[in-house]
Amino acid sequence: MSSAEGRGRTVDEAVDAALIELKESRRNVDVKVISETPEETLVEVTVIDHTAVPAIDSAPANGKAEVARGLVEGLLKHMGVRAQVTVRTGSEPITLDISGRDLGALIGWRGETLRALQSVTNVMVGRHLAEGERIIVDVERYRQRREHTVREIALRAARQVKMTGDAITLDAMQPFERRAIHLALEGDPDVTSGSIGEEPERRVVVGPRKPAAE
Amino acid sequence: MPGRAAAGRIRKAIALVNSVADGAGDEDVTPTEIAEAIRDCLELSEVDQVANVRRYLGEALDAVSDGMPADFVAMTLYAALGALSDG
């Protein structure tokens, strides 16, 4: 399995740099963000080996992932969707990747259908999971791409807040997107993030971190 | 569009449940709030105009009362939303 590191101002730029080196397309790779600063982003891009036997076959301890994979595969078959379901290697929590052609309908409006599919999957696999354990379902890396995008948005907003000192209210986002923003900014000593509004119009506000009262 | 208000309220309830399931980390959503959001859906007469919508919403409300996992509640609400859009 080949991999390469990429650097750029944004995650997208860094991934593109690594993809050029690997001569691969984005849908065939796993992306791991190694470091992110306002100036530079470093990523590790690993080519997914589609011919490899899923790790689950050689790792009985991870049988839950295989149960989930089989159930989702069967569900898609009943839905008349031709797609391949794989277990993302080295991912915690267990993540199922669905790939194939014309899977836009499986993602749906603002990822709604994908989120519904994930809920159904977790209900089906529920009895095999420990308390609090969940299965993440991703279609054509949509979720991963959205997380990268909102992280970019978060970092850009943080830069602007530092320059102007004014808070910025972002667009309404889904819970996993808001979570990605909070995680992206939690280590920043100069900005803070919070959410306002009611679902499904809940928005993240990025503002300057006020110094602690003496 | 018929059912639009109901769809909006069901989506709101789903988003509340998902923020619990996904651990958005920016709000403590209580079962009471989710139940209120589902009751808001049930108040609309639109939910009686399409078969099964009220039944699914009732099941979702029962699931919240019974302390069922968030994904189960979400799945039942998605079923209501699906029935509404099919209707």
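The expected span of a helix is taken here as 1.5 Å times one less than its number of residues; helices are DSSP runs of H or I with at least four residues, strands are E runs with at least two, and both are numbered from the N terminus. The model is predicted, so to speak of local features takes pLDDT of at least 70 and side-chain atom pairs count only at pLDDT 80 or more, while totals for chains, interfaces and linings use all residues. Residues count from 1 along each chain as its sequence is written, with chains lettered from A and ligands numbered from 1 in the order written.

**View 1. Helix α4 of chain B.**

**View 2. Where chains A and B touch.** Each side puts in 18 residues, with contact meaning C-beta atoms, placed from the backbone, within 7 Å. On the chain B side, α1 (4-21) and α4 each give at least two residues, and α1(B) has the largest share, with six.

**View 3. A hairpin in chain A.** Strands β2 (residues 29-36) and β3 (residues 41-47) of chain A run antiparallel, joined by seven bridges; strands pair when DSSP finds at least two. Four residues lie between them in the hairpin, and Glu36(A) faces Thr41(A).

**View 4. An open sheet in chain A.** Its three strands go β7-β9-β8, paired antiparallel, with β7 (168-172) and β8 (191-196) at the edges.

Conventions
Contact = placed C-beta atoms within 7 Å.
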